[in-house]
Amino acid sequence: MGPIRGNKKKRKIELKVDTENVFASGSSEEGSFDWWDEFSKRIAGSLSPSKGLDQFETVFKVSRKTFNYICSLVTEPMMTKSSNFIFLNGKSMSIKDQVGLALRRLSSGDSLIGVANFFGTNHSTVSQVTWRFVEAIEEHGLHHLQWPSKEEEMAKIKSKFENIRGLPNCCGAIDSTHIMMLLSASERSIDVWLDRKDNHSMILQAIVDPDMRFRDIVTGWPGKMDDASVLQKSTFFELAEKHERLNGPKLKLSEKTQLQEYIVGDSAFPLLPWLITPYQGRDLPETKSEFNKRHFATRIVAQRALARLKDMWKMIQGVMWRPDKHRLPRVVLACCILHNIVIDMEDDVLDELTLNVTRQHDSGYRPEVCEVADNNASLSREKLALYLSGRLPA
């Protein structure tokens with residue numbers, strides 16, 4: 001399977017969820033008892049709740065409300081397949097058992113055997129259930145990860161970005177992270193996966209909104225590629241270059257100056273009419289130095305989103321042992337969709353995550369520098385810097 005590019009599929013599906021009633025009483029196959037009560041008895045003593053979270057949220061990293069909504073999304077595709085997954089005691093797994101197992105696998109960072117022991121099943125069942133869940137969440141949850149299609153929605157995004165440090169008409173922030181892999185001895189000789197820190201890795205590049213929601217992603221490209229090259233391979237780049245994305249209303253900065261829609265990224269990306277990067281160098285003039293401060297405060301939302309993603313879905317945080325590189329991009333996509341679902345559901349675990357996420361998502365990687373700079377983009381950035389400093393001629 002090739003790299004996954006965000007928004008390849010377009011679905012017009014509105015999020016209308018009765019969060020109080022969806023699976024509130026359990027499924028018919030589970031009877032009238034509360035699923036969690038029985039499940040928690042089986043794992044009693046296996047772990048202690050994290051500070052600020054109850055035991056349910058400690059185990060699955062989502063609230064009951066979000067868990068029930070995820071079950072409602074994946075029930076049809078997961079339960080219509082013929083396989084009947086069972087525990088070691090011979091009992092069949094319900095949809096909640098399967099969703100719980102998959103969420104535990106993705107969020108805990110534990111091995112297949114570790115998750116199997118926790119649930120009382122075997123490691124092959126953990127692998128099969130998790131993959132079925134990944135397929136289902138991709139098929140029925142992709143509407144949670146899409147570029148804004150309505151002007152009103154984009155206007156809210158621009159307003160929130162401007163409220164951070166004053167950058168007007170900004171539509172997103174872009175950044176990249178590495179998903180590290182431990183490859184087999186035969187694969188290690190293929191240096192295409194070897195990144196600049198001598199780790200074998202796969203790249204995830206994401207554009208996020210001010211609420212840390214992923215709006216477009218591309219993943220699957222090997223770690224040897226730099227950020228600019230991954231961007232140029234993306235569908236987003238193609239659409240932006242054709243003026244089919246970031247083509248909304250221009251903002252009038254002065255009588256002679258208009259500013260088109262754009263995203264912000266660090267110095268690893270090229271300076272383009274639709275992608276504004278910071279000024280490079282030291283001892284910059286005050287206007288440029290102040291612009292860089294505003295730019296950094298705005299784009300850091302992308303760094304925080306990637307850090308939160310890895311902190312919550314720990315399967316992609318550490319070094320993955322001999323992953324299937326054809327399936328891994330879809331696992332990453334599923335984690336990004338789940339990340340967005342937690343935000344869309346206004347999940348209570350977000351408050352705890354916001355407090356705890358202080359780590360870098362790519363610790364130890366030195367910043368890249370891309371020397372590509374479009375002349376018109378350089379002029380637009382200059383005028384924007386002057387505008388923000390109050391020095392742009394009327």
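Modeller: Gladly! The model is predicted, so local features need pLDDT of at least 70 and side-chain atom pairs count only at pLDDT 80 or more, while totals for chains, interfaces and linings use all residues. Residues are numbered from 1 along each chain as its sequence is written, and side-chain values use heavy atoms, with hydrogens and water left out.

Colleague: Are α6 and α11 parallel, perpendicular or oblique to each other?

Modeller: Their axes, lines fitted to C-alpha atoms over the stretch in contact, are 9 Å apart and the packing angle is about 60°. Angles run from 0 to 180 degrees between N-to-C directions; under 35 degrees is roughly parallel, over 145 roughly antiparallel, 65 to 115 roughly perpendicular and the rest oblique. α6 and α11 are therefore oblique.

Colleague: How do the residues of the contact of α6 with α11 divide by class?

Modeller: Contact means heavy atoms within 4.5 Å, and W131 and F133 are among the α6 residues that meet α11 residues including V331 and L333. Ala, Val, Leu, Ile, Met, Phe, Trp, Tyr, Cys and Pro count as nonpolar, Asp, Glu, Lys and Arg as charged, and the others, Gly among them, as polar. The division is ten nonpolar, one polar and three charged.

Colleague: Which element gives the largest share of the lining of the second largest pocket?

Modeller: A pocket is an open set of points on a 1 Å grid over the protein atoms alone, with protein on both sides within 12 Å along at least five of seven lines, and lining residues have an atom within 4 Å of a point. The second largest pocket holds about 540 Å³, and of its 21 lining residues the closest to the centre are R105, M315, M320, W321 and P323. Helices (H or I, at least four residues) and strands (E, at least two) are DSSP runs numbered from the N terminus. The largest share, four residues, comes from α6.

Colleague: How much space lies in the largest cavity?

Modeller: A cavity is a set of grid points where a 1.4 Å probe fits but cannot get out, and its volume is the space filled by probe spheres set on the points, joined across faces, edges and corners. The whole structure has one cavity of 30 Å³ or more. The space in the largest cavity is about 40 Å³.
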